[in-house]
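Biologist: Before we discuss any details, could you show me the sequence and the structure together, and then take me through how such features are read?

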Amino acid sequence: MIRGEKVAKVEKIAVLRANGLGDFIFLLPALQALRATYPTAELVLLGKTWHATFLEGRGLVDRVVVVPPYGGVGEPEGVEPDTAQVERFFAAMRRERFDLALQLHGGGRYSNPFVARLGSRLTVGLRAPEAAPLDCWLPYVYLQPEIVRYLEVVALVGATTTTLEPHLPLIAADVRELRRLPGLSWPLARLVVLHPGASDPRRRWPPAAFAWVGERLAAAGAQLALIGTEAERALVEAVKTAMRSPVLDLCGRLSLGELAALLHAARLVVGNDSGPLHLAEAVGTATVGIYWAFNALTAGPLTRARHRLLVAWQFRCPVCDLDCLTASCPHSDSFVSSIRPEEVLAEALALFTSEEGRELRRQEQDTALWQAG
């Protein structure tokens, strides 16, 4: 069933999206469209604990309800739920009396039955061939930009937008936290942030390549910082070890709010296809991204004035030579190592040297926020 018109008498909307940082960034234009179309409705995100903490005070949603551990929705498929906890959750959700419940969490094999149990007046979302239908749905097709995918879903209930690019606002607390962080040399107008991590090892560009690019950006006048989670410490250390230029190691030292403020203050971010790269785009910073094949289409930025991407079109496993378009293997070696450092450096230098005027204008616009911080 396909609609397309605004639904009457909507007072409360649930949106299911219980996953990681980058996945949430792709949702932002759709949330903006829902907010603009239903300005008086309460917008409730069904997400994870980090959503509840990070989104407080940003005005993107009215409330976050944390989804309990549930296989295929926020957790791996095989996770056994706490039946009593799950039943309490769905009972509480039915008492909410949602008018709309939107499934923006994949193809729907697990998430469509989940949304159906919320008791909403109308369920809307995506449907892969093996998934149960919702009241209104679109087919889930892998080869589609994620941002556009969710905009297409919310359009089923009349929600439209004027922008395709995610925007995530900073709050004063982000800036206050960052200013208390030792080791930063203010101002940060020449800061370049390097992020060598990614959740999938196959999407990681070699640390030596990051170091090579970093050295040459430092020679061009950049102040360098490395970011990553504690799980990515070995990657960050490998980049540091391969460099002679000074680089600030912020691995494992940043909250999400501090990370957002740092990326916003930076002139440029160079990184793999990952949450921090997409966050940088959403806070308005120029980026150079390393992408593997089809991820460039689904997760890459939609504009090029401030965002550049380098794409590796390698489909065979570098270890066993299996064609990974049609099958999968147990190896996790990089599929993006063929991207030449010289190509990344050229794009990075082009953005770094052209960003100065934009940076000054952006800092003027943000003066009140940074002074408050």
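This is a predicted model: local features need pLDDT of at least 70, side-chain atom pairs count only at pLDDT 80 or more; totals for chains, interfaces and linings use all residues.

Biologist: Where is E230 found, and with which side chain does its own side chain make a polar contact?

Modeller: E230 is found in the loop between β10 (223–226) and α8 (233–241), and its side chain makes a polar contact with that of R233, at 3.1 Å.

Biologist: In what order do the strands of the open sheet lie, and which are its edge strands?

Modeller: The open sheet has 6 strands with parallel pairing, in the order β11-β10-β9-β12-β13-β14. Its edge strands, each pairing on one side only, are β11 (248–249) and β14 (307–312). Between β10 and β11, which run parallel, there are 2 bridges, and L226 stands opposite D249 in β11.

Biologist: How should I read the nonpolar cores, and which residues touch the most other members in the largest one?

Modeller: The general idea is that in soluble globular proteins nonpolar side chains tend to be buried together. Here the largest nonpolar core has 69 residues, of which V15, L102 and L168 touch the most other members. Helix α1 (residues 21–37) gives the most to this core, with 10 residues. Apart from it lies another core, of 35 residues, which includes L194, L226, V239 and C251.

Biologist: Why is helix α5 described as largely enclosed?

Modeller: Helix α5 (residues 146–154) is largely enclosed by the rest of the structure because 7 of its 9 residues are buried. Among those buried residues are E146, R149 and Y150, and the buried residues of α5 pack against α1, β6 (100–103), β7 (122–127), β8 (136–139) and α11 (295–299).

Biologist: How many aromatic pairs are there, and how is the geometry of a pair read?

Modeller: The count comes to 12 aromatic pairs. The rings of F89 and F114 have centres 5.7 Å apart and planes at 40 degrees, so this pair is tilted. It links F89 in helix α3 (residues 83–96) with F114 in helix α4 (residues 111–116), 25 residues apart, and both F89 and F114 are buried. The pair of W292 and F315, by contrast, is edge-to-face, with 6.5 Å from centre to centre and 70 degrees between the planes.

Biologist: Are W292 and F315 buried or partly exposed?

Modeller: W292 counts as buried because its relative accessibility is 17%, whereas F315, at 24%, counts as partly exposed.

Methods: Residues are numbered from 1 along each chain as its sequence is written. Side-chain values use heavy atoms; hydrogens and water are left out. A nonpolar core is a set of buried Ala, Val, Leu, Ile, Met, Phe, Trp, Tyr and Cys residues joined through side-chain atoms within 4.5 Å. Buried means under 20% relative accessible area, exposed over 50%, partly exposed in between (1.4 Å probe, protein chains only). Helices (H or I, at least four residues) and strands (E, at least two) are DSSP runs, numbered from the N terminus. A polar contact is a pair of N or O atoms within 3.5 Å; within protein, one must be able to donate a hydrogen and the other to accept it, and residues adjacent in sequence count only if both atoms are side-chain atoms. Two strands pair if DSSP finds at least two bridges between them. Contact means heavy atoms within 4.5 Å. Rings of Phe, Tyr and Trp (its six-membered ring) pair if their centres lie within 6.5 Å; planes under 30 degrees apart count as stacked, over 60 as edge-to-face and the rest as tilted.
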